[in-house]
Amino acid sequence: MLRDETANIDSSRLFIPGLERFYAKLAPLAYAFVRIYFGAMVAWPGFEKVFLGGVERIAKGNVLKTGLEPPMFWAWAAGLTELIGGVLLVLGLFTRPAAFALTIVLAVITFKVQWAAGFFWQNRGYEVALLWTLVNLAFVFGGGGRYSLDHKIGKEF
């Protein structure tokens with residue numbers, strides 16, 4: 001479980017001490033904001049793949065680059081993992097397993113699909129995919145946090 005560092009904000013260390021009450025109220029929500037936003041961001045490409053015909057395009061393009069066979073199976077696996085995993089992150093339900101599955105998918109995208117293009121995303125590089133991989137890895141270690149369904153039911157999977 002995440003350690004709550006926000007309960008003891010030292011106002012003498014703040015550049016704007018008058019914001020201490022603001023920080024104290026909103027700081028516990030920061031992790032949830034990131035988890036929810038990231039879950040939505042990763043669910044959308046999965047939705048596009050599964051429901052808007054992206055699976056065939058991904059199978060014929062990016063999955064073939066990885067050498068994984070059969071490409072349609074792996075394209076569906078990636079799309080469903082992104083869609084379901086993203087929704088689970090938004091909810092904070094089964095956060096660790098969902099984030100672990102997404103870490104694997106995004107690591108493959110990072111190192112097998114985009115690595116050769118270099119770092120910068122403008123050149124279809126791995127910059128954003130690596131960031132998303134590392135954020136998911138943080139959710140694997142951190143779990144759902146205080147404002148998650150995992151916390152509500154009292155189980156961190």
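A residue is called buried when its relative accessible area is under 20%, exposed when that area is over 50%, and partly exposed in between. At 57% relative accessibility, R124 therefore counts as exposed. The model described here is predicted. Its protein chain has seven helices and zero strands.

**Overall fold**

- Along the sequence, the protein chain follows the pattern α-α-α-α-α-α-α.
- The C-alpha atoms of the protein chain fill a box of roughly 55 × 35 × 25 Å, taken along the principal axes.
- Of the 157 residues in the protein chain, buried residues make up 34%.
- Among contacts between residues at least 6 apart in sequence, 61% join residues at least 24 apart.

**Packing of α4 and α5**

- Two packed helices are described by the angle between their axes and by the distance between the axes.
- Helix α4 covers residues 71-91 and helix α5 covers residues 95-114; they pack at an angle of about 140 degrees, with their axes 9 Å apart.
- An angle over 145 degrees would count as roughly antiparallel, and one of 65 to 115 degrees as roughly perpendicular. The helices α4 and α5 are therefore oblique to each other.
- The crossing of α4 and α5 is left-handed.
- On the α4 side, the contact involves A78, T81, E82, G85, G86, L88 and L89. On the α5 side, T95, A98, A99, A101, L102, V105 and I109 take part.
- Sorted by class, the residues in the contact of α4 with α5 are nine nonpolar, four polar and one charged.

**Packing of α2 and α6**

- The axes of α2 and α6 come within 11 Å and cross at roughly 130 degrees. Helix α2 is therefore oblique to α6.
- The crossing of α2 with α6 is left-handed.
- Helix α2 contributes Y31, V34, R35, F38, M41 and V42 to the contact, while α6 contributes W132, V135, N136, A138, F139 and G142.
- The residues of the contact of α2 with α6 comprise nine nonpolar, two polar and one charged.

**Buried residues of α5**

- In α5, the buried residues are T95, R96, A98, A99, L102, T103, V105, L106, T110, V113 and Q114.
- An α-helix has 3.6 residues a turn, so residues three or four places apart point the same way.

- Most residues other than glycine have a negative phi, and most peptide bonds are trans.
- Which bond in this model is a cis peptide bond? The bond that joins E69 and P70 is cis, with omega about -10 degrees.
- P70 is found in the loop between α3 (54-66) and α4.
- F94 is not a glycine, yet its phi is positive, near 50 degrees. F94 is found in the loop between α4 and α5, and its relative accessible area of 36% makes it partly exposed.
- R124 is likewise not a glycine and has a positive phi of about 65 degrees. This exposed residue is found in the loop between α5 and α6 (127-142).

**Aromatic rings**

- A pair of aromatic rings is described by the distance of the centres and the angle of the planes.
- Rings of Phe, Tyr and Trp pair if their centres lie within 6.5 Å, and planes over 60 degrees apart count as edge-to-face. By this rule the model has eleven aromatic pairs.
- The ring centres of Y31 and F139 are 5.7 Å apart and the planes stand at 80 degrees, so the pair is edge-to-face.
- Because Y31 lies in helix α2 (residues 30-51) and F139 in helix α6, this pair ties together parts that are 108 residues apart in sequence.
- F119 is partly exposed, with a relative accessible area of 38%, whereas Y126 counts as buried at 14%.
- Ring pairs link F111, W115, F119, F120 and Y126 into a cluster.

How values were computed: Residues numbered from 1 in each chain as written. Predicted model: local features only at pLDDT ≥ 70, side-chain atom pairs only at ≥ 80, totals over all residues. Heavy atoms only, no water. Axes fitted to C-alpha atoms, helices over the stretch in contact; angles between N-to-C directions. Helix = DSSP H or I, 4+ residues; strand = E, 2+ residues; numbered from the N terminus. Parallel < 35°, antiparallel > 145°, perpendicular 65-115°, else oblique. Left-handed = near helix turned anticlockwise from the far one by under 90°. Contact = heavy atoms within 4.5 Å. Nonpolar A, V, L, I, M, F, W, Y, C, P; charged D, E, K, R; others polar. Buried < 20%, exposed > 50% of the residue type's maximum accessible area, 1.4 Å probe, protein only. Phe/Tyr/Trp six-rings, centres within 6.5 Å; stacked < 30°, edge-to-face > 60°.
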